[in-house]
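Let us walk through this structure, one set of side chains at a time.

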Amino acid sequence: MEFTIREAIKEDMPQVLDLIQELADFEKEPDAVDIKVEDLLREGFGEQPLFHCFVAVSDTKIIGAAIVYYRFSTWKGRTIHLEDLIVKDSMRNKGIGKALYTKVMKYAQEKGVKRVEWVVLDWNTNAVEFYERSGANLLKDWYLVQMDEKGLNAFIARA
């Protein structure tokens, strides 16, 4: 199968959103996606973009995407967070995920960051094993902590 990896353009965002929904379905959170194409366009292609996106393309169809953004570590300085690496279910095991992952790592190296970080579900054994084979460190003694909108509103109301 032939495909190319390139930087996303505005016109890719409807297909990228479809991939985001496919990922939510895979992660057993089908109703979790609140964003719209307009959000992706505003936040990714405005004067100060909040994210950078790479896409895998085959025959004009987006078959994979990687979404990254800068973070700041008080220990390391500038880092990159890999928010999502998504490959269409029907296109998995064809080297697309590895190509996107490699593009993200090269991008991080070019930008001179000290670390790339991301989260992976513990039951996604294919991804966990791939990351371990790549040399990534799985930090199993840290918890992922989040405050969702409902929790945020409740906390502020009590504060």
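A polar contact is a pair of N or O atoms within 3.5 Å; within protein, one must be able to donate a hydrogen and the other to accept it, and residues adjacent in sequence count only if both atoms are side-chain atoms. The model is predicted: local features need pLDDT of at least 70, side-chain atom pairs count only at pLDDT 80 or more, and totals for chains, interfaces and linings use all residues. Residues are numbered from 1 along each chain as its sequence is written, and side-chain values use heavy atoms, with hydrogens and water left out.

Begin at Glu22. This residue sits in helix 1, residues 13–26. Helices here are DSSP runs (H or I, at least four residues), numbered from the N terminus. A polar atom of the Glu22 side chain lies 2.5 Å from the backbone nitrogen of Asp89. Contact means heavy atoms within 4.5 Å. Neighbours within four places in sequence aside, Glu22 is in contact with Val87, Lys88 and Asp89.

Asp89 also has a charged partner. Its side chain forms a salt bridge with Arg92, with the closest N and O atoms 3.1 Å apart. A salt bridge is a side-chain nitrogen of Lys or Arg within 4 Å of a carboxyl oxygen of Asp or Glu. How exposed are the two partners? Asp89 has 52% relative accessibility and counts as exposed; Arg92, at 29%, is partly exposed. The classes are buried (under 20% relative accessible area), exposed (over 50%) and partly exposed in between, with a 1.4 Å probe and protein chains only.

The structure holds seven salt bridges. Another one joins Asp12 and Arg6, at 2.6 Å from N to O. Asp12 is buried, at 5% relative accessibility. Arg6 is partly exposed, at 29%. Arg42 and Glu43 pair at 3.4 Å, N to O. Arg42 has a relative accessible area of 48% and is partly exposed; so is Glu43, at 29%. Asp39 joins Arg42 and Glu43 in a network of salt bridges.

Now the helix pair. The axes of helix 1 and helix 2 (residues 37–45) come within 9 Å and cross at roughly 110°. That makes the two helices roughly perpendicular, a class that spans 65 to 115 degrees. Axes are lines fitted to C-alpha atoms, for helices over the stretch in contact, and angles run from 0 to 180 degrees between N-to-C directions. Where do the helices meet? Met13, Pro14, Leu17 and Ile20 in helix 1 meet Val37, Leu40, Leu41 and Phe45 in helix 2.

Note on methods: Parallel < 35°, antiparallel > 145°, perpendicular 65-115°, else oblique.
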